[in-house]
Amino acid sequence: MIETETRLEARFTTERCPGGCGFNVLVSEFSGPLFCPQCERRLPPALRKACSDYFDYALKLRDGTVVCFSQAYIQGEFATLTDCSTNPSSYALENPMVPFPRGLDVRIADIVWCADLGH
Ligand SMILES: [Zn+2]
């Protein structure tokens, strides 16, 4: 039996953590954007994904407001959400919001849940 082993030599670069904390993280060319351990604990997974993957997401704030958005940018204790809208879902119908064409800043500590809508 012949076993073949393939070793991939990954190249690493230092990049600024996209969590807005100011720390640098070591990133391999295969791993894509990485967050530092503190931001991994602080930010919901779907919100971290929204920082690099333009898609449909929703989150709920502590006051019950549900926001649908396409992309997030983290700055300190706030997440700036872009392309906010009232998605045609029951959440949006129950919680009507006007679109914020220049983004909506929400306090990360007030996010109850965050979801990747996957459509
Ligand atoms: Zn960080």
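Tutor: We shall go from the overall fold to the sheets and then to the core. Please keep in mind that this is a predicted model.

Student: How many helices and strands does the protein have, and in which pattern do they follow along the sequence?

Tutor: There are three helices and eight strands. Along the sequence they follow the pattern β-β-α-α-β-β-β-β-α-β-β. As for contacts with a separation of 6 or more, 42% of them join residues 24 or more positions apart.

Student: How should I read a sheet, and what is the order of the strands in the sheet that holds E6?

Tutor: The general idea is that strands of a sheet pair through backbone hydrogen bonds, in a parallel or an antiparallel manner. Here, E5, E6 and E7 form an open sheet of three strands in the order E5-E6-E7, with antiparallel pairing. E5 and E7 each have a single partner strand and stand at the edges, so one side of each has no neighbour in the sheet. From one strand to the next, the twist averages 30°.

Student: Which residues of E6 stand opposite residues of its partner strands?

Tutor: On one side, strand E5 (residues 71-75) pairs with E6 in the antiparallel sense over five bridges, and alanine 72 stands opposite leucine 81 in E6.

Student: Which residues of E6 lie on its covered face, and which on its uncovered face?

Tutor: In strand E6 (residues 78-82), Ala79 and Leu81 form the covered face. Phe78, Thr80 and Thr82 form the uncovered one.

Student: What is the order of the strands in the sheet that contains E3?

Tutor: This open sheet of three strands has the order E4-E3-E8, and its pairing is antiparallel. Strand E4 (66-69) and strand E8 (111-116) are the edge strands, each pairing on one side only. The twist averages 15° from one strand to the next. Between strand E3 (residues 57-61) and E8 there are five bridges in the antiparallel sense, and lysine 60 stands opposite tryptophan 113 in E8.

Student: How should I approach the core, and which residues of the largest nonpolar core touch the most other members?

Tutor: In soluble globular proteins, nonpolar side chains tend to be buried together. The largest nonpolar core here has 21 residues, of which Leu47, Val67, Phe69, Ala72, Ala79 and Leu81 touch the most other members. Helix H2 (45-50), E3, E4, E5 and E6 each supply at least two residues of this core, while E4 gives the most, with four residues.

Student: Why does this core lie between domain 1 and domain 2?

Tutor: Both domain 1 (10-42) and domain 2 (43-119) give residues to the core, so it lies between them.

Student: Which residues does phenylalanine 69 touch?

Tutor: Leaving aside residues up to four places away in sequence, phenylalanine 69 touches Tyr57, Leu81, Thr82, Asp83 and Cys84.

Key. Residues numbered from 1 in each chain as written. Predicted model: local features only at pLDDT ≥ 70, side-chain atom pairs only at ≥ 80, totals over all residues. Buried ≥ 20, exposed ≤ 12 C-beta atoms within 10 Å, placed from the backbone. Pairing = 2+ DSSP bridges. Axes fitted to C-alpha atoms, helices over the stretch in contact; angles between N-to-C directions. Core = buried A, V, L, I, M, F, W, Y, C linked by C-beta atoms within 7 Å. Domains from an automatic or database assignment. Contact = placed C-beta atoms within 7 Å.
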